[in-house]
Amino acid sequence: MLLIVSAITFFMINLAPGGPSALMRFDVTPEQREALTRRFGLDQPVPVRYLQWLAGALHGDLGTSLTTQQPVLDRIGERLPNTLLLSGLALTLSIVVGIPMGIASALRRGKPTDYTLSTLSLLGLSIPAFWFGIMLILTFSVTLQWLPSSGVATTGADFSLKDRLQHLIMPTIVLSTAALPTVVRFTRSAMLEVLGQDYIRTATAKGLSRTVVTYGHALRNALVPVISVIGALVPRLVGGAVVTEAVFGWPGMGRLAVEAANGRDYPLVVGITVVIAAIVILTSLLVDLAYTWIDPRIRLA
Amino acid sequence: MTLPIGADPTLNPWHPNAFVESLFVNRVLFGGLAKPGKDLNPAPDLAASWKAADDGMSWTFNLRDNVTWSDGQPFTADDVDYTFNQIVLKPDAGANGRGNFSAVSDVKVVDPKTAVFNLSRPFAALPSYLAYNAGILPKHVFAGAGDPWALNSFNKGTPVSTGPFKVQNFTSGQSVVLTRNDSYYAGKPLLDQLVFKVVADANTQIAQALSGELQIMILDNKAAVDRLKGARGLSVQPRTLVQYYWLALNQTDPRFHDVRVRQAIEYAIDRNAIIQAIEKGYGTIANSAIVPALKTYYDSSLENRYPYDPAKASALLAEAGWAASGPDGLLQKDGQPFSFTMDVGQRGVLQPTNELIQQNLKKVGIGADLNAMEWNAYIQKVVVNRDYAATVNWWVYPNDPDVLPYYASSAAGKGFNIPGYQDAALDDLLAQGQKTSDPAARKPIYTQMQAYMADKLPYNFLWYPQEIDVVSDTLQGVPDLNLRDAMHYVQEWSLKKS
Amino acid sequence: MTPRARHGAWYRLVRQPLPCASLVLLVALHLAVVLGPRVWTISPQATDPINALLDPSPEHPLGTDELGRDELARMLQGGQVSLVVGFCAMLTSIVLGLLVGALAGFYGGVASAILMRVTDAMLAIPGLFLILAAVTVFGANPVTIILIIGATSWMAVARVIFGETLRWKATEFVQAAQALGASGPYVLARHILPQTTASVVVSATLGVGIAILTESALSYLGLGIQPPTASWGNMLQNAQQYMFTAPALAVYPGVVVTVVVLAYNFLGDGLRDALDPRL
């Protein structure tokens, strides 16, 4: 799987018109361009370069970034924790806030709470993330000056948890609009489906308190499709991170990918895609495992 | 003291990946033989004085003797030798800026404090070019260390430097923190620490300037200037730049051969409107290649050569045979409508400029289609392959009137003569200007050259932009220079305690 | 679905206020975008730098943009472009999704396994990355953008159609038709696909919203519809520069995109509830 992803990406990015930024400067002479082409090994045909890359990759060496001459793995390693932090927090926020919201919505179906929550969810799905981010920056950073507008932490200062959190709030909120609404909606519909089932009505008829019924039985079963949705949300979060990182100047993988694509930094683009694909595959495996834990009736086929 | 840069820098001025953001840091870290003086003439930096030989075929540089590298090693002519002979001039190294030194054949060490640059042709502008992103690298670090572009402990870490500040740490995607170099040859700098913060988004830079997180920045987005003028604690400073925007009409297209057509297009473009709308008034009309900042050489009499005059443009076009108007409102000649495509690189103010020019041309019956392209693809098409009809871009060059590389007939096709205009008379003037380094002797040559250029329009000159710097009131000692040049004086800056 | 069930669906739909209002709003908006330029004839490209960034006035009901162009005219053109791109991209993704999902569901076997594997693989890669790479390679003109957005959003539709096809394949009347000698494609087209109409309609409605958002995100990154053609997405990107001096320029396209996508989402939700009353 990873092989296919890497191959497709490699060939695609090499097809793109233009070349690495180092060669594509206005003030570069043709001799410089030729010299750099040879240095970067770009004068060899694409399939040969792919095989060279592959040989290295199998040993853990994903090549050298064309824009900084550093090893690709190093560059990714610098940025990956930041994206994981942001995405992880956004995912956690979506789950921790979304599931209760979905349950509340389901339990109060048809009432104002349900309508409000549903509308808010849809709003979250409809609003362009970058616009939302810009509006937040305008309000909280420029006008009210409560929150910093970019970066991971205040530069030159010592580590402070409060400082880190202040930098994290807005990007996390904006990124969670990619996942929270879906979690709410899925939880709601899953709960509704389960609550309508016979055995629930039986349990209620038998006199078990509403709370026990809800949290004990319904939730357990409703969680199953929700877990699967979470698995599907990971790619969306990573993709959404590209835009969120751009708006908030967050030094993560998303921005790195855009820079790499624009700068035609072939090894870096392929490296990032492979790493991301690996992460997504890993997450789906984890989700599958979570499945079996939640419902022991499901066995891995 | 914090200032923003757009991306991670590469701490090596000659590195092929040293783009604009690296400039600012490298000018602080690495002294060159000369630096831009406050009057823009080259001033001594690591070289205390220099002199051209009588035949103009070599320059001798006398180096200072009290300069040490940040690791304690002394700076000598060997470093200059190594930097140029082994890195810059090496044909297959691909060093950035190599093209600026095409007239230099090699560098010789006479004694530890004297270096001689041998030339293949007279090159009066050499000191100015040595003041232009030409920092000297330490031989004792690079000799024997293999590929200079792969030495990441230096280029992306903590390099060994001669400047007033040295690198303390480099956090990718976030900042480069410099601390004071107490053994700087010109005395201890006033600031303790200099932080280059990576802020990629222009609006975020503005927001951070407003909130006091940044003390100085270049305002690329001039639209926000009014907001910043009204902000407390900040001042807006216009600075001169050695830069001009131009429209290149590819001379391989026969329609653009006729000078009347080029002149007509010059009259048809409302450059004042562009300056007002896009530069918010911070710019002046350009009719030649020498910028007003180069006061010694700039000829101000050319300022009104091409006022905005669509009627005159139409008259000239008619003279050139483009008279009858076709059904689509475009001028025609020999049954062909006057239309072409303008390739637009997505950077800076190029997009809105092209949109305004397109409308101006439409008014006189010339149909220009815009083809917006992502930057790398644009360079490939326009600069590498010269496959274009018309395009707008700019030149930035050192503080010297020698603009031969951009106008010489020999530079057409593969060199920096983008339109490919070839004219022996112009070549002659350009070569003459390189022969002597005496400003009094050069001035008449360049005055003649400017008049000739304004007449013949090898490029359609558009405007000279000004730079707007946003400076915090707490920051003192910043000279009245554009920020790149001002970085050479960072040891004089200080922060007022508020 | 039987005619009677569909009749009931319509009835159920109009009883829901929000989706109903959304439908009305969308129809009005689409009409405005199509007919508007015939009434409001100022060119969206005509620059007038002296009159840049003006406040709303009778001549320019929404003011002017940074180059003096009429904002209302640009919003109308932007609407045409964004809505057309959104629609066509959605159509592309529906067609692709139908093809893949129906074929995989109906024919089964190795081909089906491969097809669904590919679908899952593509779902795993974050869409924006694929789009980024594709735009860098193929360029950013309206046709390629439509195709690229379509080619990266068909997977969800395919999954849904796959499930539906499997479901309907097992029903009696389909098996009867096959027993009577009807060929595969015939059964697929005549019997199964019509049953999936409900899902397709819902997917389509929601898909337009997603396509519009994707186009505007692309334009924000500079990879979408290129100026001087206006699209709501690239108008937002332009307006970011003027955030401090003329924030209204960022508000108009942003609000309109949000409202339009919200309306499509409400409508899609309403349709889903109406057409599938189990929930």
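## An enclosed strand in chain B

Let's start inside chain B, with strand 7 (residues 114–119): five of its six residues are buried, so this strand is largely enclosed by the rest of the structure. Please keep in mind throughout that this is a predicted model.

Strand 7 of chain B has two antiparallel partners to look at. On one side of the description is strand 5 (residues 58–63) of chain B, which is joined to strand 7 by five bridges and runs antiparallel to it.

## A buried asparagine

Next, have a look at Asn354(B), which sits in helix 11 (residues 350–363) of chain B. Its relative accessibility is 0%, and because buried means under 20%, Asn354(B) counts as buried.

What does the side chain of Asn354(B) reach at 2.9 Å? It is the backbone oxygen of Leu350(B). Setting aside neighbours within four places in sequence, Asn354(B) is also in contact with Met342(B), Val344(B), Leu370(B) and Val392(B).

## Backbone points worth a check

Most residues other than glycine have a negative phi, and most peptide bonds are trans. With that background, a few places in this model deserve a friendly second glance.

Asn133(B) has a positive phi, near 55 degrees, although it is not glycine. You will find Asn133(B) in the loop between helix 3 (126–130) and helix 4 (139–142) of chain B, and with a relative accessible area of 22% it is partly exposed. Lys280(B), another residue other than glycine, likewise has a positive phi near 55 degrees. Its place is the loop between helix 9 (271–279) and strand 14 (283–285) of chain B, where Lys280(B) counts as partly exposed at 23% relative accessibility.

In chain C, the peptide bond joining Pro227(C) and Pro228(C) is cis, with omega about 0 degrees. Pro228(C) belongs to the loop between helix 10 (197–220) and helix 11 (232–240) of chain C.

## Where chain B meets chain A

Now for the contact between two chains. Chain B contributes 49 residues to it and chain A contributes 41 residues. Between them, chain B and chain A bury about 3,700 Å², 54% of it on carbon and sulfur atoms. On the chain B side, Asn17(B), Asn376(B) and Phe416(B) lose the most area to chain A, together 14% of what that side buries.

Which elements of chain B each supply at least two residues of the side that touches chain A? They are strand 10 (193–198), helix 6 (202–210), helix 12 (375–384) and strand 19 (390–396). Helix 12 of chain B gives the most to this side, with eight residues. Sorted by class, the side of chain B that touches chain A has 22 nonpolar, 17 polar and 10 charged residues.

As for specific pairings, the count of salt bridges between chain B and chain A is zero, while four residue pairs are in polar contact, with both residues at pLDDT 80 or more.

Note on methods: Residues are numbered from 1 along each chain as its sequence is written. Chains are lettered from A and ligands numbered from 1 in the order in which they are written. This is a predicted model: local features need pLDDT of at least 70, side-chain atom pairs count only at pLDDT 80 or more; totals for chains, interfaces and linings use all residues. Side-chain values use heavy atoms; hydrogens and water are left out. Contact means heavy atoms within 4.5 Å. Buried area is the accessible area (1.4 Å probe) that two parts lose on being put together, summed over both. A salt bridge is a side-chain nitrogen of Lys or Arg within 4 Å of a carboxyl oxygen of Asp or Glu. A polar contact is a pair of N or O atoms within 3.5 Å; within protein, one must be able to donate a hydrogen and the other to accept it, and residues adjacent in sequence count only if both atoms are side-chain atoms. Helices (H or I, at least four residues) and strands (E, at least two) are DSSP runs, numbered from the N terminus. Ala, Val, Leu, Ile, Met, Phe, Trp, Tyr, Cys and Pro count as nonpolar, Asp, Glu, Lys and Arg as charged, and the others, Gly among them, as polar. Buried means under 20% relative accessible area, exposed over 50%, partly exposed in between (1.4 Å probe, protein chains only). Two strands pair if DSSP finds at least two bridges between them.
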